[in-house]
Each structure stands twice: as structure tokens, then as C-alpha cells.
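Dear colleague,

I am handing over the structure below, and my notes on what was found in it follow directly after.

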Protein chains: 2
Amino acid sequence: MTEDILIRNARPMGAAPVDLLIRGGRFSAAGGDRPAREIDAAGFIALPGLVEAHTHLDKTLIGMDWFENRVGPTRDHRILADRNAKRELGIDARRQSARQILQTLKLGVLHIRSHVDVDTEIGIANIEGVLETREALRDLVDVQIVAFPQSGMLPREGTFELMDEAMKAGADIVGGIDPATIERDPVRHLDAIFSLAERHGKPIDIHLHELGELGAFCLELIIERTRALSMQGKVMVSHGYCLGMLDAARQKALIEALAAERIAVMTVGSPSAPALPLRLMRQSGLVVASGSDGIQGTWEPWGNGDMLERAKYLAQRNGMTNDADLAETMRICTFGGAEGIGLARYGFAEGDHGDLVLVPASTLAEAVALTPHKRTVIRRGQVVVRDGEPATNLPDIA
Amino acid sequence: MTEDILIRNARPMGAAPVDLLIRGGRFSAAGGDRPAREIDAAGFIALPGLVEAHTHLDKTLIGMDWFENRVGPTRDHRILADRNAKRELGIDARRQSARQILQTLKLGVLHIRSHVDVDTEIGIANIEGVLETREALRDLVDVQIVAFPQSGMLPREGTFELMDEAMKAGADIVGGIDPATIERDPVRHLDAIFSLAERHGKPIDIHLHELGELGAFCLELIIERTRALSMQGKVMVSHGYCLGMLDAARQKALIEALAAERIAVMTVGSPSAPALPLRLMRQSGLVVASGSDGIQGTWEPWGNGDMLERAKYLAQRNGMTNDADLAETMRICTFGGAEGIGLARYGFAEGDHGDLVLVPASTLAEAVALTPHKRTVIRRGQVVVRDGEPATNLPDIA
């Protein structure tokens, strides 16, 4: 698994060509015996593993029959349809999560943070299913599991206890959900999830769709709790649409307050949701990550989990067409995501994990704009995908 | 070229399977000798040729070196960069238009309306280049050419005369451009292009990016002239962002007025421009078409010209996820486009042109959501693309 490998003419993040050496699964200084194994990366740019910072591995219908979506227009309709689908379609969280992971591995996604449903109907079965897949695929992909109360926590008695159980079972992150519009009690919801995070010594990731000033108020509550509990660098806000709906002064102040507490923001660049001010966010030092959200599920029928395509969506939603801007969206889908979900030893420096995605393109912008699929993926020094196809026998668990 | 062919188990627009017979290049009633040639379309849905109602064939950089986009943020910056690029990059309108047409043919695009630049630097050279390509590829694809004053008409003396020359050379449609913000004189601009259209007996297609009430005023001027000159069914408004920026009553009234004069609206569903109210537009009887706009050019670096992907963008921009809505966006990219650009004998009825795109999907919604690429394309009874690859030797002109 940890064969040494020399990657010649590698262009890290599109920079000038260098030779990169991976020894024992980590980038290493030059020197010593020349490895038997070499790859010529001329014609490619080299990215670190793409970071999927927000998806729902347990809910994809990849490889299942087409789901005819007749779901009503509100979020309540969607949550109900989603819960019903688990039962009626027999969505197997173990199998489905494996399908999505193996599909996106071919595209270079090596790090995934997945929200996984916890509710009073399925209990922690989906958590257990994704844990099983994570274990089976641990040599290929890093998976972080968020215990996510999709159907609401406060209004559905017993959910909090199930969240606690999920954390004990191996979930890595405490998930939160719209503290006002779903939970109906922002303070009590946030206090509950922060206390759970404190109890388990784990980070927090909150789905925050609340709009306008309601969303801004919830952000303030999150900022206050992050500061009070010294959870800087341990909190992510997912979506945060309200940041795209405020006047410029309010927007800037909130973004700076989030940055000061090192609260990361995850945005998918949805074409129909408010556009977040990406340039301002990055310039303010805010950590910005991105993700695919659900792929081919009952919420949204599309999606392939490609984080280069996601970088394109981010640029398109923000009306960005310049090469420099496209390179920024690529950074969001790599280094931004890595910082947001707290990855260690991510990058190309000596001692960093020997992960690499070679994309046939001449610049970062070209890779974002054209999203070529014939990528070569190296994980801890092992070539796992070559020209878009598995280079080794991938586990047959999907 | 007009070999008879029987398509078994065809599912026109996703409907129940039927056998479709093409004789002499047109759909025909059953009966007569069974054709020697047959295709089994089980597992596919059958679409008529996809309709690209708005692109810029002369400006794509497909197959050329990557263009580093450092263009400034305003439309004036972009128009200037675009004009400079023609000269500096040596964009050959004949070759580039052929490249785009052959690329999108593989995806089932059989009808294209292309705006082609006319200006005082290049004169009508791009019109001539695209005319040449159209002639070379006439057996494969229908191409309509709009003489388009990209750099402005009124402010650049001599452009109107070049437009007239372009129409004489073979352009099919008179193009207009923002009558206020670019042309600085809405009435004079519209009077000029309507007079040109009248002189040549040709339709009109106007790029209208004007925002809010300014755009609404321009729409009123267009409606008035369409009515006065009895040009119902001969006018298309491209983009029409203002329709997504008005209060509900004003929006509805304008949409109904457009529908009453049978003025079509083309929208690309841009993620960063105002979203047009697609449901209301269709319910009001407005003809709605769609297109890719520029593909891989100096304006926008991305795009593949796939009209199924375009249907997906339309749905995504409108927050649509239901199967019924996705089917509607597919109709926009087929029958809507056909009506908008005035195609005759488009569809599956007896006597209609024998064109067919087979997409591996179970429903229209699935085709829109997943945009599978292994399509089979039949043009006038001839299989020109099979499973995404050319089935015949395509002309080597790109």
C-alpha cells in the first residue's frame, strides 16, 4: 500500500513543474534510492485530494431505480418524503454510501464529511451503515460522520438521546439543524448541540438555512457560544444563506465575527439559493469549504459529487469568469475544505499525506471550467485510479 | 442519406413505446415493406433533435490553447476583450463553428440558432465563415444565422450597413442588442432593426440584458413594434432578465403581452443573472426557448453545448426538483426551442423530419438530471451518432 513513488513534472495547484517523492505514504524530501515506480505528470495539473465537505452519503439513490420525484414544494414536504423513502425504497446506508464514495473516488475525492441521519424511526442504523463502509474503504478515503437530526431534534422526543448514542457509536461531529424554523427554539437547540459536542469533545456542523435577519441572529448565537466555549476552529456553518441577504455593512461585520472565531462556512453555490459573497468571505480570512450536498436522492435528482464541477458552480453562481477567480473556487474545494473540516497534514509539504489528483488541464481555471474526467488519483502513494478508471481492485461492497 | 429505418420500442418524449418508421427522411405511417434497417430503442427515451436556440458559433475557442481570462468586470470590458481576441488569437469562425457543431451533434443538437458578430473591424467575415460551415454540414444540422452587432450598431458608424450586407450574404435573422445601455437610443435602435427585418422579410432576435424597469420599457417598445408591423411569431427576445426583476402584477402583464404578440423568450438559466419565472411564462402561453450562449470563449470559459445539461440548469436556477418540472425544462429545450426559432415539421408526426435522439434513461426527468452522454442520433433517417460516437465519417472541416 505504501510503495514509494516519484511523480515527475508535477504541477502542484498549477504551479511550475517539480518532482514529488512519496515515501511511506507521505511526501518526502528528495534523496535516497530512486523509487522503482514513477509517473510522468506532464500535461496534468496536480491537486491534493479533493475535499467533499458536505454530503449525505446515506441518502443517495445511485444505482437504484429512478425515483419519481413528486415531492411538494416546502422543506417539510421534503423531510417527510426523505424519511418515507428510507423505508419504502429500502435505502441501504451501507451500500449506498459505498457507491457514492467509489464513484467520487474516481474523480479524486479523498476526504468526505457526510451528514448521516439520526431520527426516531431509523435510530442510528444509518450511522452504523456508514461506519461499516468507512471501515471497509479506510485505505482509500477519509470519511467524517456528522450525526444529523434531519427530522428535527427538539420536536421529536428521543432524538437527542439518539444523537448521543450516535456519538458513542463512532460519529465524529455533532450536527445541528435550523434552530428557529425547524427546532422552534434557537437558544435551546444550540445549547443542546454545544453541550453534546462538549461532552464528547467533538466539533459541530450546523445546517443553517434560516433567511435574512433570522439567520443573522442564529449566526450571532453560534458565534457567542463558540467564543464562550473556546470552540474556535471546531464549528462549521453549512449553507448560511443569510450571509447573501444582508446589507453590505451587516454582512461584512458578521463575516468578520465568524472569521474571528474561526467558524468555517460551507456553501454549495446552489443556483436557486442566495449567493454568498465568496470574494469578501475569502478576503476577510473566513474559512470557506464546499460540498455536493445530496447526490441523486429524494431532495435533488442530480449531482455526481465532482468537486471540480462544484468549483464551477461556485464560480457560476458568483458570476466569476476570470482565471484568478476560478483558481479561488478550486482552493475552496481543496485547501479551504481541508481547513474547514480540520484535516491534518494536507498539502504537498514534506510529511504531508502522499495524496495527489492529476487532472489533464493546463491551469486551475481550465480544470474548473472543463472538469475533465480522466484523472489519475494517488492515495498515500498508491495509484488507485488511472485515467478515470480504477487502477486496483476496489473493494466489492457496493 | 435517406435510407428507410424502423425504430422499435421508441418512447417519444418518454411516452409508452411505439414503433417509429422513417421513410425518405420523414416519419411515415406504418405499412409497406419492412425496412432492412432497424434499431431497438428499448432502454432509451426518444427526443426530437435538441434545439440550441442561442449560441455564438463564431466565438468558441474549442480545441484552441487555453485562454487566460483576465477580462475586467463590466460588459464593456468583455465586448472589448472579445473584439481583441478575434484578432490576437486568430479565431477562425469557419473552423470554430464547425468544431462546436460537431461536438454538439454527438449530444443530439440538430438545430442551432447562432448569433454571429458583425462589426466595423471584421465586417461580415464571421458571417461568411459560419455560412461556409453551414453549407458543409447541411446534411447533419440546421443552422440559423443571426447578424449580430455585438460591439454596438448606432455608436459605431457603418455597422448598420454591414448588417444589411450580412443579410444579403445569407444571414437569416436580424440581431439587436441592448437598445438603451449599449445603443443609447432605444427607439432609434429598435426602429433600425425592425426596418432592416422588414426590408429583408426576416425575423428578429434581440439580446436584451437591460434590467428592471428599463428592460420592461424596452420590452414594451418591442411589443409595440411587433404589433404595428404584424411580426407576430417572428420576434425573439434573448435573456430578458428584467422579467425576473418586476413585481408580480407587472411581470404577469408583460408576459401576457409578449405571449399575445407571440414574441418568444430565450433564457439560458444563468446562475448569476435574475431567474426568469419559467412556470408562469409557460402557463401564460409564452414560447420559451433555451440555449448555451457562448461555449468556452472569452466571455465564459465553460460550456459543452449540451441541451440536456441546459435543461438541468433551467431547473436548478428555478429551484425545480420534481419530475414534472424537469420534463417541462426538457420541453423548453426541444419543442419550445423549435417553436421559438420557427422550425417546420418538428416532432414525431407523419411527415415530420425523421430526426431522433435516443437517450439512455427511463424518463425525461432522469435524462435531465443525469444527462447521460451515450446517445444515438438519427438525422433524416440516417444514424449519424451511435452511443455518443460518430456512426459515419463526419466531414473533416474542423
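In this predicted model, R379(A) forms a salt bridge with D142(A), with 3.1 Å between the closest N and O atoms; the term stands for a side-chain nitrogen of Lys or Arg within 4 Å of a carboxyl oxygen of Asp or Glu. Three salt bridges are counted between domain 1 of chain A and domain 2 of chain A.

The domain assignment of chain A (automatic or from a database) places 5–48 + 348–390 in domain 1 and 57–341 in domain 2, and the C-alpha centres of the two lie 29 Å apart. Between them, these domains bury about 2000 Å², 69% of it on carbon and sulfur atoms, where buried area is the accessible area (1.4 Å probe) that two parts lose on being put together, summed over both. On the side of domain 1, V368(A), R375(A) and R379(A) lose the most area to domain 2, together 31% of what that side buries.

In terms of contact (heavy atoms within 4.5 Å), 26 residues of domain 1 of chain A meet 25 residues of domain 2 of chain A.

As to conventions, residues are numbered from 1 along each chain as its sequence is written, while chains are lettered from A and ligands numbered from 1 in the order in which they are written. Local features need pLDDT of at least 70 and side-chain atom pairs count only at pLDDT 80 or more, whereas totals for chains, interfaces and linings use all residues, and side-chain values use heavy atoms, with hydrogens and water left out.

Best regards
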